[in-house]
Amino acid sequence: MNYEAGLDTALNRLHDEGRYRTFIDIERRKGHFPQAIWRRPDGTEREITVWCGNDYLGMGQNPQVLAAMHEALDATGAGSGGTRNISGTTVYHKRLEAELADLHGKDAALVFSSAYIANDATLSTLRTLFPGLIIYSDALNHASMIEGVRRGGGEKRIFRHNDVAHLRTLLEADDPKAPKLIAFESIYSMDGDFGPIREICDLAEEFNALTYLDEVHAVGMYGPRGAGVAERDGQMARVDIINATLGKAYGVFGGYIAASAKMVDAVRSYAPGFIFTTSLPPVVAAGAATSVRVLKTAQHLRDAQQLNARILKMRLRGLGLPIIDHGSHIVPVHVGNPIHCKMLSDMLLEDHGIYVQPINFPTVPRGTERLRFTPSPVHDAGQIDRLVKAMDSLWKHCALNRAEASA
């Protein structure tokens, strides 16, 4: 076996398909987000505007969050020093989990190193807790949910995206006595569409199934206290397990689940992904707890973010661009070709100082490649205007090139 040749083949395939991913070296500067510094490969620098960040509300720059992190750093040092079971549980972790449980109206919460790990570890562990568990999973669930369902083994059913009728058909076909769990999301990040939470909870009650809701792209952003779409829709108490992240709207790092005390205790006691992982540094837990607390009463940030998202959608749609709009804060522009998508991304960065990464397969299906913009409350009118004008110019340029190529 020529291993070098094998690596070359694999990497060249990505280049040929226009799917090779390039890291853009940027330096966020405190107090200036969404502005950042792009360090080019040749060592030169340029100021850019970040339009693809997941720090949806700019909380990574919030003075209260930074002050809490400084306090914890000075008090405890850098790391936690161990797993949660062995010296890695501090007062900061307990405060964070208390804030999260309160946020979602649950008895308890459990913090993981990421929302990916929280999904993977919890969903796979539920198979151990409930032998014979059948998991019904939305076709467009995140890769972490898919991995958790797969790795746990056992029976699974994939229902068509947001298709409640198809889910009902699958539930009806299985043994009424078998334990069941329905896993779905509140906001699917690639299209920005919402999951039918009320209807799925209705089915779960009818068929005696547990519900598992991923609110990763919604926490901090929706609901009167930022608990997510389930809170906004008055369905939070009906969801058995809520998964979310601390690394997007909360602007810090980590993931978690919130559920009943007994459910959390069982996952804590059985999940290898929790048991054998070093806990979050106290400084991170302190910052995250403060961010959660602040956003419980920061409706003005949510309102400003939604307003900017509506403005950007309206203006891009006015140019005739193919916007995918399901009413959420995410603004995808459909391109449909990985090479064109990467070309647009490169030109926005190099020619206009606008940073947005191309979204290609396998994150989205082939033929649905897109640019995905994430406006925030800290993007101002001038930055929105420059983005719209740049997209107008480049879209016309790319359309002209396509027309000439096909002539």
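Helix α4 (residues 115–129) and helix α9 (261–270) have axes that come within 10 Å of each other and cross at roughly 100°. The structure is a predicted model, in which local features need pLDDT of at least 70 and side-chain atom pairs count only at pLDDT 80 or more, while totals for chains, interfaces and linings use all residues. Residues are numbered from 1 along each chain as its sequence is written, and side-chain values use heavy atoms, with hydrogens and water left out.

Helices (H or I, at least four residues) and strands (E, at least two) are DSSP runs, numbered from the N terminus. Axes are lines fitted to C-alpha atoms, for helices over the stretch in contact, and angles run from 0 to 180 degrees between N-to-C directions. Angles under 35 degrees count as roughly parallel, over 145 as roughly antiparallel, 65 to 115 as roughly perpendicular and the rest as oblique. α4 and α9 are therefore roughly perpendicular to each other. Where the two helices are in contact (heavy atoms within 4.5 Å), α4 brings T122, T125, L126, T128 and L129, and these meet M263, A266, V267 and Y270 of α9. Sorted by class, this contact has six nonpolar, three polar and no charged residues. For the sorting, Ala, Val, Leu, Ile, Met, Phe, Trp, Tyr, Cys and Pro count as nonpolar, Asp, Glu, Lys and Arg as charged, and the others, Gly among them, as polar.

Next come the sheets, where two strands pair if DSSP finds at least two bridges between them. On the β14 side, β3 runs parallel to β14 (residues 354–355), and two bridges join them. T49 turns up again here, standing opposite I354 in β14.

A second open sheet has three strands in the order β13-β16-β15, with antiparallel pairing. The edge strands here are β13 (331–334) and β15 (358–359), each pairing on one side only. Four bridges link β13 with β16 (residues 370–373) in the antiparallel sense, and P332 stands opposite R372 in β16. Two helices pack against this sheet. Helix α12 (residues 299–318) lies across β13 and β16, at about 20° to β13. α13 touches β15 and β16, and its direction makes about 45° with that of β16.

On a 1 Å grid over the protein atoms alone, a cavity is a set of points where a 1.4 Å probe fits but cannot get out, and a pocket is an open set with protein on both sides within 12 Å along at least five of seven lines; lining residues have an atom within 4 Å of a point. Grid points are joined across faces, edges and corners, and a volume is the space filled by probe spheres set on the points.

The second largest pocket holds about 170 Å³ of space. It has 14 lining residues, and those closest to its centre are R84, K94, E97, L110 and R268. At least two lining residues each come from α3 (91–104), β4 (108–112) and α9, and the largest share, four residues, belongs to α9. The lining divides into seven nonpolar, two polar and five charged residues.

The whole structure has two cavities of 30 Å³ or more. The largest cavity holds about 100 Å³, and its lining residues include R84, H93, F112, I117 and F274. β4 and α10 (272–275) are the elements that give two or more residues to this lining, which divides into five nonpolar, six polar and one charged. The second largest cavity holds about 40 Å³, with T22, K342, D346 and Y355 among its lining residues.
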